[in-house]
Amino acid sequence: MAGKPRVPWDLSEIIPLSIPKGVKKLCELCEKPAHLQCTKCRLTFYCGTEHQQADWVGIHDRICQLLVPIRSPAPFYSLQADRDTHRIQTRIKQEQLVEISRAVAQSKLFEGKYMEVQPAAQFFLRCATDIFGPGVVQLVPAYLLLAESSVGLGSLSQAKRFMSAAEWVVLRSPDCGPAVRHQLHRSLGRLYTMMGNLDAALLHFANDVYYASEEYGLDNTVTCDGYFLMANVFIQKGERLIAHSLYSEVARTWHSHLTKLFESLKQNSTSLEPSFDKSQRAEVDQMLRTILEAGENNSIQNKSQIALVAHCLAMLWFLGGDPQKVRHLTELPDTAASV
């Protein structure tokens, strides 16, 4: 029998008389007046069950008990040394929460769970602001996660708002490093692609590749992912020759990277897990499939590139522990000889 989604545990209503005078409890997601609280940590509040459920799925299930020492009133210490120790321990726990929420939001973004990204990214932003203060470079990754998930949800106006906040922080931070700048330009390129402004998208993806190569090198997979995004834009512009040239560079870089991982597996019996999680493998899988399909549909087929991409997919699936896909690939007539 279908019904409302089950809440992990019962929520309790906030008793107004239990709240100190002048203190307002606000919803974790929308910051409107809260009427419910989590009965597990009793330190997180919501305007209703819908936002509680969204927050639980997005991030709260991972951090509920970790919030208790952060949000509970600080104990009284008579000695300055004890107060300093408590402050340092609190800072360490806050930094752990920042990393957890960032990783959760990034993973959900890779998986395309854009609605679930938002609570995790919002918490990431709030927690990072508590540690580092407002308007600092450390907040840019949180703004970009919020912007990219908004693009995925089709909310371009909201994406622009978050992107503008990230741009402003970078512009007023001349010492901002290339890693952050590459992330900013990649997100801007995706936004302009969604808006249909392909020339602006190409400009930002070119800047993305420039800054990524400064940080990681020209032959790094992070850099070549920028080439892939540029190629997709050239496909939309009808400039297929340029697009296939960029796809070739992406395939070459990923083939080199996966070959090294494969050799490491043979020598050390390691797995792909330290380098990729499941969601990242899925993103690489989709990228390589796109290149393979483009190559197969090209009027002038480049058999060597098709073989190279097929080999990449075979290595990716094997390293990810999915030999069934490898066997299926070897059954395809156009790719069997290459795997």
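This is a selection-by-selection tour of a predicted model.

**Before you start**

Numbering runs from 1 along each chain as its sequence is written, side-chain values rest on heavy atoms, and hydrogens and water are left out. In this predicted model, local features need pLDDT of at least 70 and side-chain atom pairs count only at pLDDT 80 or more, while totals for chains, interfaces and linings use all residues.

**Whole chain**

Show the cartoon. The protein has 13 helices and three strands. Helices (H or I, at least four residues) and strands (E, at least two) are DSSP runs, numbered from the N terminus. Now colour by burial. Of the 339 residues, 40% count as buried. Buried means under 20% relative accessible area, exposed over 50%, and partly exposed in between, with a 1.4 Å probe and protein chains only. For contacts, the cut-off is heavy atoms within 4.5 Å. Among contacts with a separation of 6 or more, 57% join residues 24 or more positions apart.

**Select 27-64**

The UniProt annotation "domain: MYND-type", from an unreviewed entry, covers residues 27-64. UniProt positions are given in the numbering used here, feature names are shortened, and annotations may be inferred rather than shown by experiment. The span is 39% helix and 11% strand. Its end C-alpha atoms lie 15 Å apart.

Pick Glu28. It is found in the loop between S1 and S2. Is Glu28 buried or exposed? Glu28 is buried, because its relative accessible area is 10%. Display its surroundings, leaving aside neighbours within four places in sequence. Glu28 is then in contact with Thr44, Phe45, Tyr46, Asp55, Arg71, Gln122, Phe123 and Arg126.

Step to Glu31. This residue lies in the loop between strand S1 (12-13) and strand S2 (36-37). Glu31 counts as exposed because its relative accessibility is 52%. Check the backbone: phi is near 65°, a positive value in a residue other than glycine. Most residues other than glycine have a negative phi.

Go on to Arg42. The loop here runs between S2 and strand S3 (45-46). Arg42 also has a positive phi, about 60°, although it is not a glycine. At 46% relative accessibility, Arg42 counts as partly exposed.

**Select H3, 80-110**

Draw a line between the end C-alpha atoms of H3. They are 45 Å apart, which agrees with the 45 Å that its 31 residues should span at 1.5 Å a residue. The expected span is 1.5 Å times one less than the number of residues. Buried residues of H3 are Thr90, Gln94, Leu97, Val98, Ser101, Val104, Ala105, Ser107, Lys108 and Leu109. What covers them includes H1, H2, H4, H5 and helix H11 (278-297). Just after H3, Gly112 takes a positive phi of about 80°.

The axes of H3 and H5 come within 11 Å and cross at roughly 25°. Axes are lines fitted to C-alpha atoms, for helices over the stretch in contact, and angles run from 0 to 180 degrees between N-to-C directions. H3 and H5 are therefore roughly parallel to each other, a label for angles under 35 degrees. Which residues make the contact? On H3, they are Arg102, Ala105, Gln106 and Leu109. On H5, they are Leu145, Glu148 and Ser149.

**Select H4, 114-132**

H4 has 19 residues and reaches 26 Å from first C-alpha to last, close to the 27 Å expected. Its buried residues include Val117, Pro119, Phe123, Phe124, Leu125, Cys127 and Ile131. Just after H4, Gly133 takes a positive phi of about 95°.

**Select Thr223**

Thr223 sits in helix H9 (residues 221-236). Thr223 counts as buried because its relative accessibility is 0%. Hide neighbours within four places in sequence. Thr223 is in contact with Arg186, Val209, Ala212, Ser213, Tyr216, Gly217 and Leu218.

**Select H10 and H12**

Finish with helix H10 (residues 240-268) and helix H12 (residues 303-319). They pack at an angle of about 40°, with their axes 9 Å apart. Show side chains at the interface. From H10, look for residues including His244, Tyr247, Trp254, His255, Phe262 and Leu265. The H12 residues they meet include Gln305, Leu308, His311, Cys312, Met315 and Phe318.

How values were computed. Angles under 35 degrees count as roughly parallel, over 145 as roughly antiparallel, 65 to 115 as roughly perpendicular and the rest as oblique.
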